[in-house]
Every structure is written in C-alpha cells, then in structure tokens.
Amino acid sequence: MIQFEKFTLNNGLKVIVHTDKSSPLTCLNILYNVGAKDESPNQTGFAHLFEHLMFGGSVNIPNFDTPLQQVGGENNAFTNNDITNYYLTVPSENIETGFWLESDRMLSLAFTPQSLEVQRSVVIEEFKQRYLNQPYGDVWLLLRPLVYTTHPYQWATIGKEISHIADAKMEDVKDFFKRFYCPNNAIMVLAGHIELDQAKELCKKWFEPIPAQELVDRNLPKEPKQTEARELTVERDVPANALYKVYHMPARTDKFYHACDLLSDILSNGKSARLYNSLVKEQKLFTEINAYIMGDIEPGMFVIQGKLSDGVDVKDANKAIENELEKVANEKIEEKELQKVKNKVESTLTFSEMSILNKAMNLAYYELLGNADLINSEINRYAEVSSADIQKMANEILVKNNCSTLYYLAKK
C-alpha cells in the first residue's frame, strides 16, 4: 500500500504528499491537464513546444537548470496527447529550491522573442530528425489521421506539420499558456523525504499566491465508430517492409481497459507469446512483431506492428496476423497462459513502485483519472480479468471493420 495525504490550495492546486524516509531525495512532480488533444487543428504541436519553453526561463529566473544543478538536483519533462508532466528530484534539504523554480514558471514564463525563437528551432529540428529523416519516423504522422477522422488524437504530439510551429505567434503562445498552465489545472505530487506539515508550509509560501485562471470546458469531438476497414500503402527508403494494424479500444477508465492490456500481452509479451511463436519462429513471416496498447485516457489504440522477412508478401503477412487474432477470439484462453501474463504485469507494477519518481508520476496520473488511490488497486484490477473478458474484447475490437492497416513498403 502506498500511503499519501491530499489537500487543495485556495487557488485550486491539488497537492498529494507521499512520505518515504528510506530515500534521501524528494521528488516534485507537476502534471498539467493539457496535451496535444487540447490544441487547435490549425495550430498543433503547441503542448510539446511548451514543454521546451518551460525550460527557457521564467519571469524571475532566467535559467532553470543551473540553480537546480547547483543544489544536486535534476529534472525533465514529457508531453503526450493527454498530459504534460514536469518533474525534478533533489536532495531533501534543498527541496525549497525546487518549489522556487516550479512556482516561478507556473506564475509566468519569460516569453521573450529570443526564447521563443530558440525553442521553435529546437522543436523544428526534432521534427525533421525524429519524424522526417529517420527510417519509419513518419509512421504515426500517417497512422493517426487514418485511425481518427474526428477526435484530436488524429495528430501526433510533435504536431501535424512543421509550419504550425514555424508560424506560431507570440500572442498565440501566451494565450495557450494562460489557458492551461495554471494552478487549478495542475496536480502536484511530493514524494520522498518530506513531511506533510513541511509540504503544506512550502506550498502555501510558493504556490498559493499564484492566481487561478478561468478554465474552459474541454469539449472534445467524439470519434464515430469505425464501420469499415481502412488501408494506406506508402513506399519509403527503409531496409524492410513493415506492417501496422491499429484497432480502436476502450478508454483508460473503462472496465475492459485492463483486459485489452492483457490481450496485447498474450499476443506479444515475450518470445513464448502467440504472435512471436507463430509468425516469427514457426512461419518465419516476420523478423519481429509486437502488440501493445497506447494507454490513452480517451478511447485509444490497440496496435500490432511487425517487420517482414525478406521475400514475404505483405498481404500474406497481414492474413497470417488475422488468422492469429481469430484464434484468440474463438478459442478459450487457458488459465495458465493468462496467469503468466498477469504475473509479468504484477512484477512490472511492483518494481515501478520502488522509485519515488515513478510513485510521484503515478499518483498524479491516477488523481487525474479520478482518484490517486487507484495506484493501490491497479494490480487487483489486472488480477480480476477473466479469460472470458479477454475473449470478449478480442471479439469486439480485433475485427476487420475496426482496423486501420498501414503497409509501409521499402522502395524497390
């Protein structure tokens, strides 16, 4: 059991405190309830641009990293389609430096033309390097708009195209900051060598003076049910043909979410899993194959992807995957096979709870989902999944009409 206390500041900032005196460090994690799904379709990539801008200096602190490094701390951040998460870890006696830094950039970024230009260039370079000039780099730029016709999951965190970042104006950037990066749209977790009273005192000193902002109701368009198979074929300068199959699946808070996760593990977690056994080892159609879920908060994606062996026709490879999916839908999953994947999940979750940083990030995320205490019931939710639940999901989601297939071919 992970013990924690919760309180909310007058400006709406939710705070969770988990005391762990076995660590000499304290982690300060701030989750902002904003991701790529909150962007305008004509101005994508802003949440990710902000992840970079938040390190470019704030109103009273021109350089974020140096003061933290001087007191033995380290920090980083990540953005995805649902959230933006900033975290720092510092020796506990220096935690107030962390409060000073994080509160100042929540209060206001520097918003200098120089900072915007520097970070804009960094993001554009990242777009080119990781998505345009790397083998298979543009896969998700192609897949997302194939899978989603309406919901804003239809673009990647980096954005739809470079021009959206290249053309970003200072007023657009400031407006995005004001709408989302405020105390009443954030969850802060303090984990490690810190007491509740100390946490309350420091929160009141550093964060409570920051004014709340008026939040706009999130009103995202719902993705209509997919009723027919979609396909896209592209040719690229890559070493091997690849195949991607994406199925719509339930949201993170859905009661069948954990069944979908275990279904992906039955198909491909490890070398004894079904897809590897049949399609790599026995039939030698693929050199590698994986099934996984994206873990999105809204109804998300169940993905199967593989690289084909030389000389294998992509349509044959596709048919072989579909045959395996039919088996998992039609034949009862043995208890032994199910228990094996449950054991793997349990060990992964248990291991992840040993790090104060992981605990801090997970507490913030579960609080966003509705209740931080979900961290203590997650293993049970996997344990309760039955083979009937998994079969039900296989029959409902792993069907042709719910599938978008990308044939990603090597240029001849």
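**Second largest pocket**

I began with the lining of the second largest pocket, sorted by class: nine nonpolar, four polar and five charged residues. The model I am working in is predicted. I then took the volume of this second largest pocket, which comes to about 420 Å³. I listed its lining next and found 18 residues. Those nearest the centre are Glu223, Lys225, His248, Met249 and Pro299. I noted which elements give two or more residues to this lining: strand S8 (242–249) and helix H15 (387–397).

**Largest pocket**

I moved to the largest pocket. Its space is about 1,200 Å³. I found 47 residues in the lining. Nearest the centre of this pocket lie Asn80, Ile293, Met294, Gly295 and Asp296. Which helix gives the most to the lining of the largest pocket? I got helix H12 (residues 335–352), with five residues. By class I have 22 nonpolar, 14 polar and 11 charged residues for the largest pocket.

**Cavities**

Rolling a probe the size of a water molecule over the atoms shows where empty space is left. I searched the whole structure for cavities of 30 Å³ or more and got three.

The largest cavity has a volume of about 50 Å³. I wrote down its lining: Leu53, Gly57, Leu109, Ala110, Phe111, Thr112, Ser115, Leu116, Met170 and Val173.

The elements that give two or more residues here are S8, strand S9 (286–293) and strand S10 (300–308). By class, the lining of the second largest cavity splits into three nonpolar, three polar and two charged residues.

**Helix H1**

Leu53 took me from the largest cavity to helix H1, where Leu53 is one of the buried residues. I checked the whole of H1 (residues 46–53): eight of its eight residues are buried. Besides Leu53, the buried set holds Phe46, Ala47, His48, Leu49, Phe50, Glu51 and His52. What covers the buried residues of H1? My list includes strands S4 (74–79) and S5 (84–91). It also includes helices H4 (113–132), H6 (162–166) and H7 (170–180).

**The six-stranded sheet**

I traced an open sheet of six strands with mixed pairing. The order I read is S1-S2-S6-S3-S5-S4. S1 (5–8) and S4 are the edge strands, each pairing on one side only. Neighbouring strands of this sheet are turned by 15° against each other on average, direction ignored.

S1 and S2 (residues 14–19) pair in the antiparallel sense over four bridges. Glu5 has Val17 of S2 as its bridge partner, and Phe7 stands opposite Val15 in S2. The hairpin of S1 and S2 has five residues between the strands. Gly12 in this hairpin takes a positive phi near 95°.

Helix H3 (residues 95–107) lies across S3 (25–32), S5 and S6 (186–192). H3 runs at about 15° to S3. Helix H13 (residues 356–369) lies across S1, S2, S3, S4, S5 and S6. For H13 I have an angle of about 30° to S3.

**Two single residues**

I picked Thr97, which lies in helix H3. Is Thr97 buried or exposed? Thr97 counts as buried because its relative accessibility is 18%, and the cut-off is under 20%. Leaving aside neighbours within four places in sequence, I find Thr97 in contact with Pro67 and Val71.

My other pick was Lys37, in the loop between S3 and H1. Its relative accessible area is 3%, so Lys37 is buried.

Definitions and conventions: Residues numbered from 1 in each chain as written. Predicted model: local features only at pLDDT ≥ 70, side-chain atom pairs only at ≥ 80, totals over all residues. Heavy atoms only, no water. Buried < 20%, exposed > 50% of the residue type's maximum accessible area, 1.4 Å probe, protein only. Contact = heavy atoms within 4.5 Å. Pairing = 2+ DSSP bridges. Axes fitted to C-alpha atoms, helices over the stretch in contact; angles between N-to-C directions. 1 Å grid on protein atoms, 1.4 Å probe; cavity = no way out; pocket = protein on both sides within 12 Å on 5 of 7 lines; lining within 4 Å. Points joined across faces, edges and corners; volume = space filled by probe spheres on them. Nonpolar A, V, L, I, M, F, W, Y, C, P; charged D, E, K, R; others polar.
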